[in-house]
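User: I'm new to this one, could you walk me through it?

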Amino acid sequence: MGLFVAQLLTGLANAATLFLVASGLSLIFGVTRIVNFSHGSFYMLGAFVGYSLMQVLPGAIGFWSSVILSGLIVGVIGVIVEVLVLRPVYKAPELFQLVATFGVILVIQDLALMIWGAEDVLGPRAPGLKGIVRFMGEPIPKYDLALIAITPFVLFGLWYLLTKTRVGVLVRAATQDREMVAALGVNQSWLFTGVFFLGAALAGLGGAIQLPKGGADLLMDFNILAAIFVVVVIGGMGSLPGAYIAAVLISVLNVFGVAYIPQSTLVLMFVVMAVVLTIRPYGLLGREEVAGEHGQVGEPEKPIKPASGRARIVVGLLLLGLVCLPLLDSHFVLILATDIIIFCLFAASLHFLLGLGGLVSFGHAAYFGGGAYVAALLVTHANAPMELAFLMAPIGAGFAAVIIGWLCLRLTGVYFAMLTLALAQLLWSLVFQWDEFTGGDDGLVDIWPSAWLSEATTYFFFTVIIGVGGILLLRHVAHSPFGYALRASRDSNRQAEATGIDTKKIQWMAFTFAGAMAGVSGALFVFSKGSVFPNELEIAKSFDGIIVVFLGGVKTLSGGVVGAASLELVKDYLTRFEYWRLALGLLIIFVVIVAPHGIVGSIRRGYERLFSRSTTRVDGESS
Amino acid sequence: MLEITDINSFYGKAHILRDLSFSIKPGEVVSLLGRNGAGKTTTVKSIMQLVKPQTGQIFFDGVELTQLPTHKVAKLGVGYVPEERRIFTDLTISENLEVGRQPPREGVFEWTTDILFDLFPNLLERKNNRGKALSGGEQQMLSIARTLMGNPRLLLLDEPSEGIAPVIVEQMAQTILRLKDEGLPVLLSEQNLHFARLVSDRAIVIEGGLKKFDGAFSELEAQPEIRDAYLSV
């Protein structure tokens, strides 16, 4: 009994941090509709800033003022990010802003590395709360009790702010219809900035307040990211009490999980999320998302045209260049080109889902890594020949996509994205923790292609044929009746249903097809490297895919491929420098600001503006 | 007080308003008439800068509105009641009114929640209910009341009678006449000729984004061919 209560209290104490950070994320999303990937970075900054302040400010007063100050400082950093990075791109297509926040993650990572170094720092213990209390013989840290006591006040404070003050009323109104709020004379840009300040400050506060328990390190940002998204989604997007309940649920289950089923720790929260979303698709206290109710300024999609003669020539020349690469006789160039083609196929498969289907999957790495693992497992455990293993990769990945797609497609929008993320994480943690079968963290090695493909040059040609073939196949399907039906389902679900298209089925098929194609790229990958590790299934890999699709241009057919090729090339060059993340992050932010329609989209717009000026003038005069 | 000169507005590439010009004088209630798709809503949105006219000018009491952000237009005293009402369904009635509240304006009638609840008794009964619990007519009243909380100097009403029971339309007409008594100029975009006639002094008829008629309501009555050609009666 004593142990049980002690564990419960630990869970509640852990929930404090989780709730603080997640409530900030929820607020920012609720008002600005921005999926703020950099929220974990605000949390990390809070911890580091708090650590530095605590070195200077002594005693209990110093400790608590450091915590508060960290929140305020991180809040100001949030404002800087909002004003400099996000404000220029509010009008960009939906979700594009998340690419910018991804750039912010990279920048903050390197800045933190510069300022605080690579070593983990140990947080100071809270003065006056260093000891423990005994409850039925079980030790309970005093600081845990303090955290448990503080959280309800924070929740109450936020609740009061949002429901009882004018600012709160305006914030809630803006959550629902920003344009109308503006039409009533409220300058929403300061509302946005204010919400960003508050959201970032809460994350910073969370980072500083957990110092005595967890310290600070450079992995904190990504480590908490998945957890806070899970909390926000389980609680229901935009619901603070929901976030609190979810934070408690996750933290308490986690403590018991560690104690009784240690293998479950990584999987647990995603299982909870999958269960909750299956039963309550919009979270515990969330409300249904209705598309378009937030006054988004969506432009109609441009119809996709078959490639023009000129485009065909350009692609043909590029292919010719690719095929001639081995003439350079550089092993390094061949490997790089192989990597790029594989990544391009992966990005193209995600683009198919995201651009054509309008289905934003945050977990596409599951099928890339899934395909790679299927092939590797067959080779390792069944001694299967490479050809068979290669063939099974897309089938296995497609099978995973069938199941995950069926579960996720009952949801839409951000909830859909989050459930794909959760289930991908589930797969990742399964691979990560099932040592005996998957090799766990050590991965699977010695997965080489058959003799006829063992030469680097031959394997390169193999990659060109399969990779480019796959990309062309995806393109071909986009122009098929199935592709039309998919785009119809994206643009107007109800209208498509009314014309007799079974939109759910079409989307399910698209999800499966995209998964299978990602599986092909995974198979190409595993045989080119000879090994596979769990990080190929990670969130970071999924994010990479999303970033390149958006950077390339989500509304253009070649966007995914162009984005992937550009990023891979730039990365290859930049990673030679010490602070490459900083450079890459700034570059991403720069591209996002100057080319809000992606690389291809913005080039095309510029091109069209150049050539269509005369036509619009005629249009104007004819009236 | 409102002076629109030669505005051209577009939705993407669709040319909606073509060299549209008209003005509204202080204290005047003007009806903007036309069929579906004639450009009524675009005209109202262009004044609010929710749609940015590509050419032309809009002056409000000597201030140029074009290129101003929407919230500044509202701050200057242009009150806007959208066609879809767009009340905040998750907020209570009182909270909806709070969003619209602006400081009092010199020389303009100062609206308070008490006066508005007096004008719309239905809202008082349900002031702590959420917006989503209201009927269509009540939502329309709330939308008007919310905009009045900003103490506007000019009111833009976009098809207030659309989809509303005749009894309520009658009540709405009384409300607009009351606003007129307070000296508040109104631009009323309407398809319901009967309703428009009840409340307004002047009519502007547009079709395909072009102005077809601008004059006293009695003149419009005297020219049935305009009515038949451009209005669906």
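Analyst: One term first: a residue is buried if 20 or more other C-beta atoms (placed from the backbone) lie within 10 Å of its own, exposed if 12 or fewer, and partly exposed in between. The model is predicted, with local features needing pLDDT of at least 70 and side-chain atom pairs pLDDT 80 or more, while totals for chains, interfaces and linings use all residues. Residues are numbered from 1 along each chain as written, with chains lettered from A and ligands numbered from 1 in written order.

User: OK, is Met136(A) buried or exposed?

Analyst: Met136(A) is exposed, with 11 other C-beta atoms within 10 Å, and it is found in the loop between strand S1 (132-135) and strand S2 (138-141) of chain A. Its phi is near 50 degrees, a positive value in a residue other than glycine. Strands are DSSP runs of E with at least two residues, and helices are runs of H or I with at least four, numbered from the N terminus.

User: And where is Asp446(A)?

Analyst: Asp446(A) lies in the loop between strand S3 (444-445) and H19 of chain A, where it is exposed, having 9 other C-beta atoms within 10 Å. Its phi, near 70 degrees, is again positive in a residue other than glycine.

User: At what angle does H19 pack against H22 in chain A?

Analyst: Helix H19 (residues 456-478) and helix H22 (residues 503-529) of chain A pack at about 170 degrees, with axes 11 Å apart; axes are fitted to C-alpha atoms over the stretch in contact, and angles run from 0 to 180 degrees between N-to-C directions. That makes H19(A) roughly antiparallel to H22(A), a label for angles over 145 degrees. Among the residues making the contact are Tyr459(A), Ile466(A) and Gly470(A) of H19(A), together with Phe513(A), Val520(A) and Leu524(A) of H22(A), where contact needs C-beta atoms, placed from the backbone, within 7 Å.

User: Switching to chain B, what is the strand order in the open sheet?

Analyst: The open sheet of four strands in chain B has the order S2-S1-S4-S5, with antiparallel pairing. Its edge strands, S2 (14-24) and S5 (63-64) of chain B, each pair on one side only. Helix H1 (residues 40-48) of chain B packs on the sheet, touching strand S1 (2-11), S2 and S4, and its direction makes about 70 degrees with that of S2(B). Pairing requires at least two DSSP bridges, and two bridges join strand S4 (residues 55-60) of chain B to S5(B).

User: How many residues do the two chains put into their contact?

Analyst: Chain B gives 24 residues and chain A gives 21. On the chain B side, the elements giving two or more residues are S2, helix H2 (70-75), helix H3 (93-100) and helix H6 (136-148) of chain B.

Definitions and conventions: Parallel < 35°, antiparallel > 145°, perpendicular 65-115°, else oblique.
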